[in-house]
Amino acid sequence: MSGVQVDTTAPPGAGVTGEEPAAAVYDLVKRYGRAPVNAVDGVTFTVRPGEVFGLLGPNGAGKTTTIGVLTTRVRPTAGRATVGGVDVVADPVGARGQIAVVPQRSNLDRSLSIRDNLIFHAAYHGVSPRDRARRADELLDQFGLLPRANSKPDFFSGGESQRVMIARALMHAPRVLFLDEPSTGLDPAARLFVWDRLRDLKAAGVTQVLTTHDMYEAAALADRIGIMDHGKLLALDRPAALVQSLPGSTTLDLVLAPAGPAVSDLLVELSQLPAVERLEELPADPDDQGSEPAVRVRLYVAGEAPGLVAPAAAAAAGRGMRLVDIRLGTPTLEDVFIHLTGRTLR
Amino acid sequence: MLRRDVHVTAHDLPTFLAQVILQPLFLLFVFGKVLGSLGYTRGGYANLLFPGLVALTAVITGMQSLAFPLVAEFGWTMEIEDRLLAPMSTALVAAEKVLFATLRAITASVVMIPVGILVLGSIPWRWSALGLFAVIVILGSLLGAAMGLVIGTSVQPPQINIVFTLVFTPLLFTGSSQYPWPSLSRLPWFKVVTAMNPMTYVSEGLRAAMVPRVPHIEPWICVSVLVGSLLVLMTVGVRAFYRRAIT
Ligand SMILES: Nc1ncnc2c1ncn2[C@@H]1O[C@H](COP(=O)(O)OP(=O)(O)OP(=O)(O)O)[C@@H](O)[C@H]1O
Ligand SMILES: [Mg+2]
């Protein structure tokens, strides 16, 4: 069932179907110690059983903090959080019984071998000795770790540690799996491997809550995505719906040079071209070492974008500027993020 | 969880044995044997010293077995996280740490007996006082572990060295392990300082059990003070543990 779309009829709110949400936060606020601002600032969302829920946001958005509250490691300043219907503050022990966590940074037990990491983890969660050994071998095999089962985590690369931590999380068959940036720092092959495992898990019905600052990852894995920035949830929907919510169905990026006083007039003129729904100025490309200052703009176009290239070039010429580069595209989650915050994700 | 720590120790047995045996071996050898043979100490000093060194071993081993790993596990490696995420009370995770450190400290103290016989030829041992000996060793080990819990939860990794210097050295020399406390009357200020160190009551309690003819603090006072200090240190330590475990 991994290829099947989730239902689009049920609203994101909880309890409509009478089903207990797998995880939920209500008006969650967290302020650390003497920090001047809230790390999480009034966030509400509900994760349905079996769903893969993604939290997408730049560094410091509050993703890890939100996960921290749901996994009982961070005490909320205000608001409520539940996993499997259990309140994480009122019954942390009950909540921990429902979940497994793959943290952003390796927290493997460096005094134990990989296999013992898995086995002791299962023991902490009350799995019987016979099941422990069997499951450990199964998972080690599935994650391609069997040949190194007896080595210590110190000698593992980031990608390998990540695999071990996911395998460890699965030892006690959790109802909800939390993954904090599961593929950050992995090479493309390792990343695809992790993605495949997570898709298998989804097919097996395991609810997942994952964070990422990679829009491709969010779009590839998540049924629904919450976009976070500065502790706030800015949007929450299916990836396709988020993108569709943007005006304009195709985009045309233009790089114009030299940037000068005429730019603002030119932008007005471009935005009035036929079929242009919206125009956004893009941040300067940091890789661009060109000799003259350039402006980057993105036009959101209803219908065919290529037909706009000629009129855009003409408009630029009329203001003494040249069209240096063009790029056609369809909007991505990155565009949604830019639209919401005026900044890029990275 | 206890099995995890025992498992790790078992796989690292040489280190454990070295820590447990070498330290007391050298202490006994230098203070009991070398100084005695050179005539710097009076005969009988070794008998007086031995209970003090058992006390020292209990407290120090308890403290080391808890504080060092805990600072690392909370600081650099975060490897305690997997246990904090297990479906059990956070206080139990702290309790396991204390229990394990206490067991290590008791083991180390008991090992002192054969080591003492080996180095000194004989040790002051009274079967009739076995009960008191056991109670004091257990309380001393718990005391060390409780101190370790407080240190381990309140120290950031970069400070560990300085804290150990600041805590360890004074503790080592104001714990009455090298001298009986009542004999300090000629140094009243030092006597007061020493009375503030709960380790003094471990040393004195063990002297009461092993060399009762040497003037010592009454056993019931020792036990009361130790139980009181334990309650205070444990409360502070567990609170701090919660603060580190849940931000
Ligand atoms: N233990 C802490 N004490 C104080 N401030 C903290 C703590 N942990 C996080 N913060 C602050 O809270 C804010 C949110 O951090 P958080 O780790 O939740 O972000 P994130 O979205 O996970 O970012 P990243 O993508 O970098 O992992 C940041 O400004 C961070 O500096
Ligand atoms: Mg994070």
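A:Arg168 reaches across to the other chain and forms a salt bridge with B:Asp82, where the closest N and O atoms are 3.9 Å apart. That distance still qualifies because a salt bridge requires the nitrogen and the carboxyl oxygen to be within 4 Å. Across the interface of chain A and chain B, the rule finds 3 salt bridges. Please keep in mind that this is a predicted model. The points below start at the interface and then walk through chain A.

**Where chain A meets chain B**

- On the chain A side, 27 residues are in contact with 24 residues of chain B.
- Together the two chains bury about 2,400 Å² between them, and 49% of that is on carbon and sulfur atoms.
- Which residues of chain A lose the most area to chain B? They are A:Arg73, A:Arg96 and A:Tyr124, which together make up 35% of what that side buries.
- Polar contacts cross the interface too: the rule finds 11 residue pairs of this kind, with both residues at pLDDT 80 or more.
- Helix H2 (92-96) and helix H3 (114-124) of chain A are the elements that give two or more residues to the side touching chain B.
- H3(A) supplies the largest share of that side, with 4 residues.
- Sorted by class, the side of chain A that touches chain B has 9 nonpolar, 8 polar and 10 charged residues.

**The sheet of six strands**

- In chain A, 6 strands form an open sheet in the order S6-S7-S8-S3-S9-S10, and their pairing is mixed.
- Strand S6 (99-102) and strand S10 (232-237) of chain A are the edge strands, each pairing on one side only.
- From one strand to the next, the twist of this sheet averages 15°.
- At the S10 end, strand S9 (residues 224-229) of chain A is joined to S10(A) by 5 bridges, and the two run antiparallel.
- To find this pairing in the structure, look for A:Ile227, whose bridge partner in S10(A) is A:Ala235.
- Helix H6 (residues 188-203) of chain A lies across strand S3 (52-56), strand S7 (176-180) and strand S8 (207-212) of chain A, and runs at about 150° to S8(A).

- Strand S1 (residues 23-30) and strand S4 (residues 78-83) of chain A run antiparallel and are joined by 5 bridges.
- One pair to look for is A:Ala23 with its bridge partner A:Val83 in S4(A).
- A:Val83 also stands opposite A:Val86 in S5(A).
- S4(A) and strand S5 (residues 86-87) of chain A run antiparallel, joined by 2 bridges.
- The hairpin of S4(A) and S5(A) has 2 residues between the strands, and A:Gly84 there takes a positive phi near 55°.
- In strand S1 of chain A you will find A:Asp27, which has a positive phi of about 45° although it is not a glycine.

**The sheet of four strands**

- Another open sheet in chain A has 4 strands in the order S12-S13-S11-S14, with antiparallel pairing.
- Why is one side of strand S12 (276-282) and of strand S14 (322-329) of chain A left without a neighbour in the sheet? These strands stand at the edges and each has a single partner strand, so one side of each has no neighbour there.
- The twist here averages 20° from one strand to the next.
- S11(A) pairs with strand S13 (residues 295-301) of chain A over 7 bridges in the antiparallel sense.
- Within that pairing, A:Leu254 stands opposite A:Val297 in S13(A).
- H9(A) packs on this sheet, touching S11, S12 and S13 of chain A, and its direction makes about 150° with that of S12(A).
- Between strand S11 (250-257) and helix H9 (263-271) of chain A there is a loop that holds A:Pro258.
- The peptide bond from A:Ala257 to A:Pro258 is cis, with omega near -10°.

Conventions
Residues are numbered from 1 along each chain as its sequence is written. Chains are lettered from A and ligands numbered from 1 in the order in which they are written. This is a predicted model: local features need pLDDT of at least 70, side-chain atom pairs count only at pLDDT 80 or more; totals for chains, interfaces and linings use all residues. Side-chain values use heavy atoms; hydrogens and water are left out. Two strands pair if DSSP finds at least two bridges between them. Axes are lines fitted to C-alpha atoms, for helices over the stretch in contact, and angles run from 0 to 180 degrees between N-to-C directions. Contact means heavy atoms within 4.5 Å. Buried area is the accessible area (1.4 Å probe) that two parts lose on being put together, summed over both. A salt bridge is a side-chain nitrogen of Lys or Arg within 4 Å of a carboxyl oxygen of Asp or Glu. A polar contact is a pair of N or O atoms within 3.5 Å; within protein, one must be able to donate a hydrogen and the other to accept it, and residues adjacent in sequence count only if both atoms are side-chain atoms. Ala, Val, Leu, Ile, Met, Phe, Trp, Tyr, Cys and Pro count as nonpolar, Asp, Glu, Lys and Arg as charged, and the others, Gly among them, as polar.
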